[in-house]
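Look at the sequence and the fold, then read on.

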Amino acid sequence: MPEKLFIDPRKTRTPGFIKFDPIPVNQYRKSVADEVSNFLKEDLLRIYRDMAIIREFETMLNKIKTTNEYNGIAYNHPGPAHLSIGQEAAAVGMAFHLDVDDLIFGSHRSHGEILAKGLSAIHRQNEDDLFSIMTSYMDGVTYKVVKKNNKGSMKDQAVDFLLYGTLAEIFAKKTGFNKGLGGSMHAFFPPFGIYPNNAIVGGSGDIAVGAALYKKVNQKPGIVVANIGDASMGCGPVWEGMVFSAMDQFKSLWDEPFRGGLKIIFNFMNNQYGMGGQTRGETMGYDMLARVGAGINPEMMHAERIDGYNPLAVIDAFKRKKEILEAKQGPVLLDTLTYRFSGHSPSDASSYRSKDEVDAWMAVDSIVRYKEQLIEAGVAGKTELQDVDQYIKEMITRITGLAVNDELSPRMDLSKEPDAIESMMFSSGSETSMEDRPPGVLLSLEDNPRLLQLKKKERFGLDAKGKPFSKMKAYQLRDGIFEALIDRFYKDPTLIAYGEENREWGGAFAVYRGLTEALPYNRLFNTPISEGAIVGTAIGYGMCGGRVVPEIMYCDFLGRAGDEVFNQLPKWQAMSGNILKMPVVVRVSVGSKYGAQHSQDWSSLVAHIPGLKVVFPATPYDAKGLMNAALQGTDPVVFFESQRIYDVGELFHKEGVPEGYYEVPLGEPDIKRPGSDITILTVGATLYTAIEAAGQLEQEYGLSAEVIDARSLVPFNYDLVLNSVRKTGKIVLVSDASDRGSFLKELAANITSLAFDDLDAPPVVIGSRNWIVPAHELEDEYFPQAHWILDAIHERIVPLKNHAILSDQSDDKMKHNAALGV
Ligand SMILES: Cc1ncc(C[n+]2csc(CCOP(=O)(O)OP(=O)(O)O)c2C)c(N)n1
Ligand SMILES: [Mg+2]
């Protein structure tokens, strides 16, 4: 099925010009007096109240950070507090028109946005809904503290609840919105549409796009706003997120009702500084941030610079931009101009800017100016607004008192509950489907051309005489992954898969052949070459409640998705206090033949990161069973697949690969060849190297080797391996990962500790060389070979009679190489 667009050389080679439309800059100049007839009085007052609440909240934190005291309440907060004093109008203006279903994502400086969106959500919800949210969220733990100390209306209590939940979270209290595991830079509260804030600059730039994708694919109401700083414009995830969000296919190839632009606003909270670097005039060259929209799509992302010092200008812009999104014309870029009076953090000496500059912005302080306008327009009197200020001070004082109180607001006691964080690293769910509705498919399963082909294949790879079937005839490892995936696509309507060349191409290495015919674009699509956004959007999609399989074409490209894989995917379940789930299975194909940047096995790097499950199947039976288990779970799984064995048949599971559904549990190694004299534990494709070595050991030296396939790196149940070592007293561990720092060293160290008395010699680890991967023709000198295993056994475990050494596997060689750093 070729692509739909015919690329006509005559048309594409025609001369012309690219034309840009003007990008509006600060076009809204109205004041309260101009708008008084267009707003309810209570709304105009609410704008003031919300800005003043944020100002007082941040002022309180600033005092606590700098003087350890606020209104007579003493407290020491050693953690971070990136304050947004000065930026209140931008936050409140952003939230004013957002519904509860509209989601915001943010940054390290997002307290103001949390409060603004929360206050807007409280305003929009009825008392019953608020009561139900507060009593059910974390079993009402947060609400209990608030309720005791506020006997006011449900809405009043809800405001206390918002302030308290946020502040307790900032102070790392168990009663905070994320049980204190998120803290200042990551606090969030999904029931009010407040999604993760991210301490990695630009981290929300692609995750938020995934949330918008979730809404589009699953037809959920609402838009998504990524509140990110101006300096994040220099970050890869932000660019990748914008490019991904503007893909032509949304408007051209996706079927109704999925067709149309993503409903996302990249709202750059442009306070004109990074930490101290000026984003205009120093660290970037865009002159005006809004200009960048012109580089993304012909609509120029409907980019605009707006005056974030006038809340009415921001409200006006969000109203107009929301309409654009609802008309499916997104994405949108807003350059919301603002300024922070506070330092980057309270310890900031502001050496990078002049006092004159700060004074000039303070002179146009949006809260002071708006207050004057309310009075000038006759909306409120001076004393009425003073009363509001007084009320807010009392409220923040009351909330601060509650949050610093260690009895009412305890911290997690890890000496009494040592497993508290441990138990939150994974959600460990088992969900056949993330939502109950029919899946969108184009074909019945019975008619799928690949499944029909597979019916003719041999599901056990050896014939009656033990001879392997031809590659054409044998059911292959790639078929196992395909069968698991297509099965889940027909069970879980939220499941989507995407990556580079996933559709017509059939996915990397033909794993997805047969899916294009079965699935509409909204469930299987090609992405830009944006590995960061491929994983980052999947994270956003997963945390919103969908199941997703992003694909990384070569393991070597994982580096491009480094932040997403190392910092985002593994952490949000625990950092949310287990509020979020992350049913994301990242398929990573491990290459060979293509040299230094296409052939590395980085499974060890991934296994090092807490919060990820890591599997590496080596047989068709395990590939299907492990993929089924990964897809049934609710945790992030990095699923490694070796290109060298995509076409192997099933050589171990005598009954063949079942046509029906079964799971191979994550974390359970498997004996692939029983033996009694020595154990060989393998990861991934080295299973076959070890089987070859085991054959030679038996034939040439009369040694019986037990070969165990690890199958998973994380989790890992040691029992099977320990039983084997108890029997053999010897173990060799083999994987294609580079030897230095390989995950095998972790396994070896633990086996030494757990089975010390059973071992005749220390475990021996064999990995690839600590080199660049050379050309295919030289690969045998790089990847572990069967004779390396024999040489290592001979040199380091037990001498093999008359053995001729072909490679140097001695301790001396290892020591020599370590000294050289290779
Ligand atoms: C990836 C990354 N690099 C650097 C930092 C350190 N850092 C924290 S905030 C910040 C400046 C961010 O500026 P901007 O995005 O404009 O947001 P603002 O602080 O102005 O709100 C930097 C460099 C970080 N947290 N993450
Ligand atoms: Mg900034």
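Histidine 302 sits in the loop between E6 and strand E7 (304–307). The model shown here is predicted. Although histidine 302 is not a glycine, its phi is positive, at about 50 degrees.

Serine 350 is another residue to look at. Its phi is positive, about 55 degrees, and serine 350 is not a glycine. Look for serine 350 in the loop between strand E8 (332–337) and helix H13 (355–362).

## Cis peptide bonds

Which bond joins glutamate 256 and proline 257? It is a cis peptide bond, with omega at about 0 degrees. Proline 257 belongs to the loop between helix H11 (248–252) and strand E6 (264–270).

Valine 714 and proline 715 are also linked by a cis peptide bond. Here omega is near -5 degrees. Proline 715 lies in the loop between strand E18 (712–714) and helix H24 (719–728).

## Helices H3 and H5

Two packed helices are described by the angle between their axes and the distance between the axes. Take helix H3 (residues 41–67) and helix H5 (residues 111–124). They pack at an angle of about 145 degrees. Their axes are 10 Å apart. The crossing of H3 and H5 is right-handed.

Which residues make the contact? From H3 come Glu42, Asp43, Arg46, Arg49, Asp50, Ile53, Ile54, Phe57, Glu58 and Leu61. From H5 come His111, Gly112, Leu115, Ala116, Leu119, Ser120 and His123. By class, the contact of H3 with H5 has 7 nonpolar, 4 polar and 6 charged residues.

## Helices H3 and H8

H3 also packs with H8. The angle is about 30 degrees, and the axes lie 13 Å apart. H3 and H8 are therefore roughly parallel to each other. Their crossing is right-handed.

On the H3 side, the contact uses Arg49, Ile53, Phe57, Met60 and Leu61. On the H8 side, it uses Val159, Leu163, Thr166, Leu167 and Ile170. The residues of this contact divide into 8 nonpolar, 1 polar and 1 charged.

## Helices H8 and H15

Helix H8 (residues 154–170) packs with helix H15 (residues 382–404) at an angle of about 50 degrees. Their axes are 9 Å apart. That angle makes H8 oblique to H15. H8 and H15 cross in a right-handed way.

H8 brings Asp156, Val159, Asp160, Leu163, Tyr164, Leu167 and Ala168 to the contact. H15 brings Tyr391, Met395, Ile396, Arg398, Ile399, Thr400, Leu402 and Ala403. The contact of H8 with H15 has 11 nonpolar, 1 polar and 3 charged residues.

## The largest pocket

How many residues line the largest pocket? The lining has 27 residues. Asp739, Lys745, Val765, Arg796 and Met814 lie nearest the centre of the pocket. Its volume is about 630 Å³.

By class, the lining divides into 12 nonpolar, 7 polar and 8 charged residues.

Technical notes
Residues are numbered from 1 along each chain as its sequence is written. Chains are lettered from A and ligands numbered from 1 in the order in which they are written. This is a predicted model: local features need pLDDT of at least 70, side-chain atom pairs count only at pLDDT 80 or more; totals for chains, interfaces and linings use all residues. Side-chain values use heavy atoms; hydrogens and water are left out. On a 1 Å grid over the protein atoms alone, a cavity is a set of points where a 1.4 Å probe fits but cannot get out, and a pocket is an open set with protein on both sides within 12 Å along at least five of seven lines; lining residues have an atom within 4 Å of a point. Grid points are joined across faces, edges and corners, and a volume is the space filled by probe spheres set on the points. Ala, Val, Leu, Ile, Met, Phe, Trp, Tyr, Cys and Pro count as nonpolar, Asp, Glu, Lys and Arg as charged, and the others, Gly among them, as polar. Axes are lines fitted to C-alpha atoms, for helices over the stretch in contact, and angles run from 0 to 180 degrees between N-to-C directions. Helices (H or I, at least four residues) and strands (E, at least two) are DSSP runs, numbered from the N terminus. Angles under 35 degrees count as roughly parallel, over 145 as roughly antiparallel, 65 to 115 as roughly perpendicular and the rest as oblique. A crossing is left-handed if the near helix is turned anticlockwise from the far one by less than a right angle, and right-handed if clockwise. Contact means heavy atoms within 4.5 Å.
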